[in-house]
Amino acid sequence: MNPPSAKGCLYLIPAPLHETALQCLPEEISEVLKRVRILYVEKATTARRFIRKLLPDLNLEEKVWVEMDKHGDISLRELRQWLQAGEEVGVLSEAGCPGVADPGQQLVAEAHRLGARVVPLTGPNAMLLALMASGMNGQQFRFCGYLPVESRQRRQAVLTLERRAQDTRETQIFIETPYRNSSLLQVLIQLLKPATWLCVAAGLTSPEAFIRSAPVSEWKKSPLPDLQKKPAVFLIGFPAQ
């Protein structure tokens, strides 16, 4: 049975990875932000700040702001009503792309159930940028999200990812809360084998961006970067042949 056909449209709107990197956004994003009346966001205050920088003359008081909870369910009742009424609705990420290591998947799934149009817009994605810059296998890779916080579980997860990279040649990609970046880097250098490649990509698209990809044996020979408070992506794998 086909889903009921909703008239509305759900736009997935990326945001810059760094507040100074507005030049990374295509013009299409500005046009959609001008047009949509309803915006699902993680935090209304930061979303408003971003849009003011991008479109200083836009009247934000005319928008309807719905905050998404990263750790809880999103109410879908209003989304159904808006899409069935033919509204254009936007989902705006804090940084990067909605639905990719960010909230938004539930909204997209519901739009598909309703038969509404779903339009992902082009924009920066930290995982893909890091993979591009790693020199590792870009044909086969796995994004693993956040590793466990508890020490023993984290160590086991790191060793499992390394074995998977060795056995499959897949690049293993994961992230961490910025204030735990440095401790994770130390664990990786301590546990990984000398020939395993480790890439760290932090502060991507910012003036202070840091990207290094090298065997763990080389990481051990030089001072470690300061990663505190910088969004970072970690990759484990082997150089492309």
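The protein chain contains eight helices and 10 strands; helices (H or I, at least four residues) and strands (E, at least two) are DSSP runs, numbered from the N terminus. The model is a predicted one, in which local features need pLDDT of at least 70 and side-chain atom pairs count only at pLDDT 80 or more, while totals for chains, interfaces and linings use all residues. Residues are numbered from 1 along each chain as its sequence is written, and side-chain values use heavy atoms, with hydrogens and water left out.

The C-alpha trace of the protein chain spans about 60 × 45 × 35 Å along its principal axes. Of the 241 residues, 47% are buried, that is, under 20% relative accessible area, with exposed meaning over 50% and partly exposed in between (1.4 Å probe, protein chains only). Among contacts (heavy atoms within 4.5 Å) between residues at least 6 apart in sequence, 77% join residues at least 24 apart.

The chain has 29 positive and 25 negative side chains, and the centres of the two sets lie 6 Å apart. Lys and Arg count as positive and Asp and Glu as negative, with His and the chain ends not counted; the place of a charge is taken as NZ of Lys, CZ of Arg, CG of Asp or CD of Glu.

One Glu can be followed in detail. Glu150 sits in the loop between strand 6 (141-146) and helix 6 (151-168). Its relative accessible area is 40%, so Glu150 is partly exposed. The side chain of Glu150 reaches the backbone nitrogen of Gln153 at 2.8 Å. Met136 is 14 residues from Glu150 in sequence, and the two are 28 Å apart in space, C-alpha to C-alpha.

Conventions:
A polar contact is a pair of N or O atoms within 3.5 Å; within protein, one must be able to donate a hydrogen and the other to accept it, and residues adjacent in sequence count only if both atoms are side-chain atoms.
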